[in-house]
Amino acid sequence: MTQKSSRNKTISLTELEIRLLEKRLLTVHSRLNETEVIDKTILGDTLEVIDYLPICFADMLFVDPPYNMSKVFGEASFKRMASGDYESWVRSWFSKTLLRLKPNASIYVCGDWRSSSPLFRVLSDYVKVRNRITWEREKGRGAKTNWKNASEDIWFATMGDEYCFNVEAVKLKKKVIAPYRHDNGKPKDWSEETNGNFRFKYRSNLCTDLTVPFWSMAENTGHPTQKPEKLVAKIILASSKPGDVILDPFLGSGTTSTVAKKLGRHYVGIEIDSHYACLAEKRLEIAEHDRRIQGYSDGVFWERNLNPDASKSIYKKPQLRQLL
Ligand SMILES: C[S@@+](CC[C@H](N)C(=O)[O-])C[C@H]1O[C@@H](n2cnc3c(N)ncnc32)[C@H](O)[C@@H]1O
């Protein structure tokens, strides 16, 4: 057996941890009220569970569904289908999920280039589509007869015209390349700090400052399509307030719930695979003691690998007794 490198921070589960964490998962067979579901990971099939969730309880929806491609997720797998069939499948859970959202809720739905069009068609039928965020993921397999697939989309929509958008909370702290000054010598639109010159920039719908989790990142798990915490943090900060409830019906390894907790929001996640649901619970346990989000510190988003203090952070593996 090959030894895991000491720099490999991938979160994994022992048999004992699985037994302990499974006890925290909620299984649902009848209608639940808000207090019963808040801050819970629900183990089950979203298409069945969603009907049992309370009406109008969530302030924000983040959905990262299986994309329209063949992919193995733990014990289960998703099979690529005709675009129209994928659209019907999305419609089957999206319409029901909307009933769980408050009238001023914001909605984010992830997809790749192939899934993006059916997702847009479904969203446009029910909610107000406001934008499409495209994010660059530098991981991706090259192809000899096609362009390498290195971007993904996230549709941004709202239930109505009144919604929360905290533009100031998601500004990017960027290193200044041309430090122009006023005639009096003062910096134009940037500030001088001990570790460099920086400018705050408003967010665009293009994100190129993200790293897909990999083995030396503390947030990494073995989930095949885990989203970066930094990406989810931007969305949660922009579209919710502390104390709000964030719903994710395809939770995977728990990125949405974990980031929600780190940022002082509540969460509800549904995941069909018990191993991933346990990973989510383990990440939530770690977040109990460690609220750091790589690429976001002191209330600021940094350009990739630019935070001068990032190297000082020490990751401590959670002890098993924390799970007892
Ligand atoms: C794209 S992944 C989500 C990844 C997640 N955003 C993360 O950062 O880890 C989709 C997840 O949905 C789960 N899933 C697929 N079908 C499901 C269903 N019918 N109900 C609940 N979960 C489902 C899969 O097991 C998979 O973990």
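Student: Are α4 and α5 roughly parallel, roughly perpendicular or oblique to each other?

Tutor: This is a predicted model, in which local features need pLDDT of at least 70, side-chain atom pairs count only at pLDDT 80 or more, and totals for chains, interfaces and linings use all residues. Residues are numbered from 1 along each chain as its sequence is written. The axes of α4 (residues 83-98) and α5 (residues 113-126) come within 9 Å and cross at roughly 40°, where axes are lines fitted to C-alpha atoms, for helices over the stretch in contact, and angles run from 0 to 180 degrees between N-to-C directions. Angles under 35 degrees count as roughly parallel, over 145 as roughly antiparallel, 65 to 115 as roughly perpendicular and the rest as oblique, so α4 and α5 are oblique.

Student: How many nonpolar residues does the contact of α4 with α5 have?

Tutor: Contact requires C-beta atoms, placed from the backbone, to lie within 7 Å. Among the residues that meet are Y86, V90 and F94 in α4 and P118, L119 and V122 in α5. Ala, Val, Leu, Ile, Met, Phe, Trp, Tyr, Cys and Pro count as nonpolar, Asp, Glu, Lys and Arg as charged, and the others, Gly among them, as polar. In the contact of α4 with α5, 3 residues are polar, 3 are charged and the nonpolar ones number 8.

Student: Which strands stand at the edges of the sheet?

Tutor: Helices (H or I, at least four residues) and strands (E, at least two) are DSSP runs, numbered from the N terminus, and two strands pair if DSSP finds at least two bridges between them. The open sheet has 8 strands with mixed pairing, in the order β1-β13-β12-β2-β5-β7-β6-β11. Each edge strand has a single partner, so one side of it is left without a neighbour in the sheet; the edge strands are β1 (40-43) and β11 (206-207).

Student: Which residue is the bridge partner of L61 in β12?

Tutor: β2 (residues 58-63) and β12 (residues 245-248) pair in the parallel sense over 2 bridges. In β12, the partner of L61 is L247.

Student: Which elements give two or more residues to the shell around the ligand?

Tutor: The ligand is surrounded by 21 residues, the closest being D64, F73, F250, G252 and T255; a residue is near a molecule if its C-beta atom, placed from the backbone, lies within 6 Å of it. The elements that give two or more residues to this shell are α3 (46-49) and β13 (266-271).

Notes. Two residues are in contact if their C-beta atoms, placed from the backbone, lie within 7 Å.
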